[in-house]
Amino acid sequence: MWEAIKDANRAVEPEESAEVRIAVLLTVLVAVVALLTEGVAGPVSTLGALFGIPFGFYLSHRMRRADALGLKAVLALTLVAAVGAFMVRATAAVSEGFGAVQLALAELFLWVQIIHSLHVPARRDLMFSVASSGVMFAIASALSIRLTIAPFLIAWLLGLVASLVLAHRSALRRLPALATDPPPIGAGAAPTALRSFAALLVVATLVFVALPAARSSRALSFPSSLSANLPIPDAGSLNNPSLGEGGPTGGPASAGGFAGRDSFGYFGFAEELDTSLRGRPDETLIMRVRAPAPAFWRGQTFDTWDGRTWTQSANEPVSIGGSEPIGIPRTAGDDAAFGEEFIQTFYMEQTGPNIVFGAYRASEVYFPDRFLFQLPEGALRSGVQMEAGTVYTVISHRPVVTARDLAANDPLRVGIPPEVAAHYLQVPDSTPPRVLDLAAEVTADATTTYDKVKAVEAWMGANTTYTLDIPPLPDGADSVDHYLFETRQGFCEQIGTSLVVMLRSLGIPARLVVGFTPGERNPFTGLYEVRGSDAHSWAEVYFPGIGWQGFDPTAAVPLSGEFDPGLAGEGLGRYFGERLDRALGVAPAVGFVVFAVAVAGTLIVLGAQLYQRRRRRATASWSDLALEQIDHIGRAAGAARSPTATLREYVHQLVDAAGADERLWDVAAVISADRLGPFPVSEAERRAAQEILDEIEHSSTSRRKAPLLVR
Amino acid sequence: MVLAGAAVAFFAASRTAGAGWLTVMVAVAVSLLGWTAIDAWWAARHVTIGANGPADATVGREFELDLAARSPSPVSMHAIDPSSDRHWMVGYMEGPIAVLPLRRCVLRSVEVEVHAGGSLGVFTAIRKMVLTLPRPIDVAPSPIAVALPPAAMSAGHGETAVGGRHSDGETVRSVREYQTGDPVRMINWAVTARRDQLAVKELEAPQAPTLVVVLDLSGDPGQAERNAAMAAGYVQTGLRSGMPVILSTHDEGGQHAGGVGSMLEAGRRLARATPGRPPTPVVDGMVAQVRLGPG
């Protein structure tokens with residue numbers, strides 16, 4: 001039995017190449033660091049990985065020829081201990097959801113890698129390490145929501161290619177070489193690896209472009225975490241530090257905006273929305289959203305309009321929750337009993353309002369504080385400050401609707417519930433009659449509510465201009481009237497408000513919503529990147545049996561039943577193109593820098609190639625260069641070397657068929673002796689042969705139009 | 001398999017968990033699969049080899065085959081028929097490889113198997129190449145040790161003898177007039193009768209018997225090859241004994257009988273021998289004849 005165990009664990013043929021080990025080690029370390037940056041490991045695991053793996057590789061190299069039966073036994077026991085630790089941690093983390101177990105699993109994998117690295121004597125073991133580094137990188141990829149993993153991916157891919165190239169050559173090195181005095185098999189590995197790397201990048205890009213896009217249709221984890229637990233003193237109130245002194249609950253500090261407002265702060269995330277305010281949030285990244293499709297990320301709604309300002313008629317928040325997930329009660333107009341489950345995870349990048357964003361209609365929220373506050377109109381607020389780094393997941397049940405569904409569920413025909421009618425048909429008496437007349441005129445030919453909405457949208461699209469640069473609203477002026485008849489210019493607040501008011505004037509229940517447009521989908525992370533400039537307001541229209549449906553003439557968000565995720569690479573060109581445009585548009589100097597970098601990069605590549613060629617000429621043997629020279633002579637004579645021709649055959653062909661100088665035979669003899677002979681060829685012989693070659697080459701290349709090779 | 005499995009797993013995860021970077025990893029895995037397969041195939045397609053060898057070889061004895069090969073990436077190669085060990089090469093290399101012929105033949109080409117892994121060696125493309133030799137290699141059978149049969153006077157088999165032989169194995173060189181003292185047994189009575197005067201025979205010393213090896217390779221191929229090896233053995237033994245050797249075979253040119261002065265010559269004849277009825281050579285004097293054939 002003991003002998004059988006010893007036999008089974010006898011040392012296998014070890015990998016002797018230190019280069020292969022170093023390449024594999026670097027590949028593994030890159031994957032480990034990529035994983036660590038995703039925060040999967042504590043300090044012990046981090047130190048264990050960063051120091052243990054290199055030490056393990058060193059130890060493996062030193063002990064590569066040993067049976068190491070004892071070491072294997074210790075490693076097996078350590079592995080069992082690591083699995084045990086994982087089980088303990090996973091059991092404790094079950095209550096925190098799959099996400100916590102996922103992190104524990106990732107850490108276990110890290111430990112498996114550390115333990116495995118202590119005994120990688122053979123090439124097969126090293127290749128296993130490479131494969132497991134790929135799995136580690138995949139875990140890091142699954143966890144990553146940023147582009148910061150891209151440099152790691154490039155480095156890992158480079159390491160992978162280098163490892164494979166060197167391992168392949170090392171495997172061949174065990175065989176005898178065809179030539180008696182072969183070059184080192186590792187020679188040329190670096191350019192080969194770089195070429196393969198470049199080819200892989202090109203092919204991978206093409207494959208990526210053609211792959212179906214990632215979708216979060218089956219979420220196993222519902223991340224939620226707080227970067228800091230800072231309770232809001234007045235529980236349930238609105239807190240928006242990004243609005244500066246004017247926030248959180250107060251109105252504007254001045255007509256021009258809020259004093260001390262952050263560049264990304266949006267005045268709509270307040271107790272009221274004053275359409276006379278100007279100034280838009282900038283391009284600051286506010287949050288990332290993982291979602292299967294684009295949607296409006298709703299924040300809160302307003303139901304009462306006075307001609308300039310929107311307010312909420314009832315704003316007493318109610319505490320909800322106590323368990324995870326937090327169930328969200330329905331509010332007025334939330335008719336749809338069923339809908340497509342739509343899971344969104346929000347990763348906050350800036351400290352902003354304590355509004356919980358989500359697609360319509362949020363039914364459950366995974367929030368680390370376990371409690372939320374809900375306004376009567378449905379808006380959700382957290383009881384803690386929404387600091388940068390906060391993560392929460394919203395599960396919405398979106399009514400899957402198409403234009404036909406909306407046309408079929410007409411509130412004017414089916415009827416409007418009293419609680420909806422009570423809040424969402426209000427039009428102030430001060431509204432100029434021409435606004436109401438225009439609404440009636442524009443929708444005269446529309447038969448359904450949906451058609452009326454689309455007719456008003458179309459009129460706005462044709463007769464008004466979207467611009468962020470509009471003049472101040474004159475004192476006493478009605479915002480809608482001023483937009484529709486005076487300036488015909490406005491941005492989302494003017495447009496959305498006008499749509500709501502015009503629809504309400506037709507008896508269609510509508511309200512103004514503030515939140516964010518979907519943002520730009522990052523083709524790499526698959527997440528929507530929502531910026532300050534994506535802060536938005538739009539109209540929501542009530543449809544019986546469906547609920548509230550968003551409409552916006554200015555933002556193209558498909559209906560839930562009409563979205564096609566497309567291919568992963570869709571938008572890749574747009575993504576980079578927009579960035580280049582933005583860069584060039586913002587600062588022409590950037591374009592110059594890009595151009596200069598491109599030129600410099602090209603020059604560096606060309607210089608590297610030239611250097612490599614010169615280096616090769618410096619290190620290549622005389623016979624290698626002489627062979628190349630003969631090939632050159634042959635090509636110049638129009639007699640390129642046949643792929644199967646040996647040197648002798650080729651010289652024969654050149655001399656007999658192409659009429660080359662017979663002295664080539666002498667040169668070939670010296671080359672063969674130099675390459676294959678038992679003794680080195682003397683310098684004098686080489687020199688003589690080289691002189692003949694140069695003479696023949698000069699003769700052939702200087703007579704390109706005439707007979708090229710002469711006897 | 002690992003790569004393909006990883007690609008499928010990553011794809012499934014990216015399609016459900018919405019992890020965009022996993023889609024990138026799918027692209028990496030798929031491109032690695034595709035590129036390495038294409039690279040290996042391309043490398044195998046672009047390997048070129050030329051071969052040359054000696055004029056003669058013997059079954060069961062290694063000989064050196066000179067190869068000159070070009071390959072864009074490192075590859076290994078070995079000869080299949082005749083067989084050799086694997087060697088690696090990259091770029092342009094020339095050198096000998098030891099090959100072992102296992103059967104008697106005239107080797108006009110050599111089959112070589114190239115294993116190309118491209119740059120990365122994830123996949124191995126195998127290509128078999130038939131290399132035509134600039135001149136054929138005669139692979140002679142390996143001689144089997146044999147004992148020569150006893151010699152006997154040629155029966156002539158009805159053919160005309162080219163010379164007479166005395167009963168003691170001595171050869172009659174000429175006839176002259178009888179001189180006193182000549183033994184009576186040396187009188188050539190026939191010539192005496194024709195000339196009407198006594199004539200005696202002048203004799204040469206007795207010669208070694210001629211070894212005649214008749215090889216018929218018809219019938220069972222295995223037995224035929226064994227016969228060829230035995231024929232080589234007889235020729236070798238005969239030559240070592242100083243006997244003139246006549247080898248009778250059938251080859252591509254038809255029946256072929258003639259003397260062989262060395263094992264090299266015999267080897268070439270035997271290498272080229274083909275199944276067919278060999279001629280029966282006519283030899284005067286003492287002959288040790290061996291017939292090797294079916295049955």
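**Ground rules.** I count residues from 1 along each chain as its sequence is written, with chains lettered from A and ligands numbered from 1 in the order in which they are written. Since the model is predicted, local features need pLDDT of at least 70 and side-chain atom pairs count only at pLDDT 80 or more, while totals for chains, interfaces and linings use all residues.

**Chain A, overview.** I looked up the secondary structure and got 21 helices and 19 strands; these are DSSP runs numbered from the N terminus, helices being H or I of at least four residues and strands E of at least two. Of the 711 residues in chain A, 43% are buried. For that, I need 20 or more other C-beta atoms within 10 Å of a residue's own; 12 or fewer makes it exposed, in between is partly exposed, and the C-beta atoms are placed from the backbone. Among contacts in chain A with a separation of 6 or more, 75% come from residues 24 or more positions apart. A contact here is two C-beta atoms, placed from the backbone, within 7 Å.

**Chain B, overview.** I found five helices and 14 strands. Buried residues are 43% of the 295 in chain B.

**Where the chains meet.** I have 50 residues of chain B in contact with 60 residues of chain A. On the chain B side, helix 1 (2-17), helix 2 (20-45), strand 1 (48-52), strand 3 (63-81) and strand 5 (87-100) each give at least two residues. Helix 2 of chain B has the largest share, 14 residues. I sorted this side of chain B into 29 nonpolar, 16 polar and five charged residues (nonpolar is Ala, Val, Leu, Ile, Met, Phe, Trp, Tyr, Cys and Pro; charged is Asp, Glu, Lys and Arg; the others, Gly among them, are polar).

**Helices 7 and 8 of chain A.** I checked how helix 7 (150-173) and helix 8 (189-210) of chain A pack: their axes are 9 Å apart at an angle of about 130 degrees. Axes are lines fitted to C-alpha atoms over the stretch in contact, with angles running from 0 to 180 degrees between N-to-C directions. The pair is therefore oblique, as under 35 degrees is roughly parallel, over 145 roughly antiparallel, 65 to 115 roughly perpendicular and the rest oblique. Residues making this contact include A:L157, A:V161 and A:V165 from helix 7 of chain A, and A:T192, A:S196 and A:L200 from helix 8 of chain A. The contact has 10 nonpolar residues, two polar and one charged.

**Cores.** The largest nonpolar core has 90 residues, and A:V365, A:L503 and A:V541 touch the most other members. A core is a set of buried Ala, Val, Leu, Ile, Met, Phe, Trp, Tyr and Cys joined through C-beta atoms within 7 Å. Helix 15 of chain A gives this core its largest share, seven residues. Leaving out residues up to four places away in sequence, A:L503 touches A:V453, A:V456, A:I508, A:A510 and A:V541. I also noted a second, separate core of 80 residues, which includes A:L654, A:V667, B:A231 and B:M243.

**B:P244.** I found B:P244 in the loop between helix 4 (221-240) and strand 12 (245-251) of chain B. B:P244 counts as partly exposed because it has 18 C-beta neighbours inside 10 Å. B:P209 is 35 residues from B:P244 in sequence but 7.3 Å away in space, C-alpha to C-alpha.
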